[in-house]
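Below is a short note for a colleague who has not looked at this structure before. Please read it with the model open.

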Amino acid sequence: MPRDFARRTLRRRQRPLVRAMAEAMFAHDGKPPESGLDSFVDEVDAFVSHGSRGLRFGLLLVLEVVRFAPLLLLWRFATFESLAWPERVRVLERMESSRLVPLTLVFAACKAILCILYFERPGELADLGYSPERWRWVRALPVAMSGAAE
């Protein structure tokens, strides 16, 4: 009989880290709204929690690498979430362009998950110019039919 519970992967320690990463990655024209970030962390947790035990462990390990990345990249004894917003952005930029391939792969793994979840939100899709209704076939059908009639 299946259990009726919501699995949680992110602990109290990882939740501020994911929030700080999202704030650094997705801030445009200022910081994203506070309530949006808290609900986003819940979305990330729910998404990751459906993975296998190995994948969940791997993600938590990746998050720990990000937590201590300022030690390697800024030579500062601070955790990622304790940094100011501009310094967080600088750490992520350095992770992305690092010569240490494992560090770049860690960033790519986090970026992929966060971007998939962040940009599937209806508000963000609208800001990018996508409409909630995708009627591409309506536009393409008359063009295809006009070509077939000739």
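This is a predicted model: local features need pLDDT of at least 70, side-chain atom pairs count only at pLDDT 80 or more; totals for chains, interfaces and linings use all residues.

1. Salt bridges overall. Side chains of opposite charge can pair when their charged atoms come close. A search of the whole structure finds 10 salt bridges. Arg 8, Arg 15, Asp 42 and Asp 45 are joined in a network of such bridges.

2. Arg 67 and Glu 64. These two side chains form a salt bridge, with N to O at 3.3 Å. Both residues belong to helix 3 (residues 53–67) and are three residues apart, so about one helical turn separates them. Arg 67 and Glu 64 are both buried.

3. Arg 67 and Glu 81. Arg 67 also has a salt bridge with Glu 81, where the closest N and O atoms are 2.3 Å apart. Glu 81 sits in the loop between helix 4 (69–73) and helix 5 (85–96), while Arg 67 is in helix 3, so the pair ties together parts 14 residues apart in sequence. Arg 67 is buried at 4% relative accessible area, whereas Glu 81 is partly exposed at 21%.

4. Lys 111 and Glu 96. A salt bridge joins these side chains at 3.2 Å, N to O. The pair links distant parts of the chain, with Lys 111 in helix 6 (residues 101–118) and Glu 96 in helix 5, 15 residues apart. Lys 111 is partly exposed at 31% relative accessibility, and Glu 96 is partly exposed at 40%.

5. Gln 14. This residue lies in the segment before helix 1 (15–26). Is Gln 14 buried or exposed? Gln 14 has a relative accessible area of 7%, so it counts as buried. Its side chain reaches the backbone nitrogen of Arg 11 at 2.8 Å. Gln 14 touches residues including Glu 64 and Arg 67.

Conventions. Residues are numbered from 1 along each chain as its sequence is written. Side-chain values use heavy atoms; hydrogens and water are left out. Helices (H or I, at least four residues) and strands (E, at least two) are DSSP runs, numbered from the N terminus. Buried means under 20% relative accessible area, exposed over 50%, partly exposed in between (1.4 Å probe, protein chains only). A polar contact is a pair of N or O atoms within 3.5 Å; within protein, one must be able to donate a hydrogen and the other to accept it, and residues adjacent in sequence count only if both atoms are side-chain atoms. Contact means heavy atoms within 4.5 Å. A salt bridge is a side-chain nitrogen of Lys or Arg within 4 Å of a carboxyl oxygen of Asp or Glu. Lists of a residue's contacts leave out its neighbours within four places in sequence.
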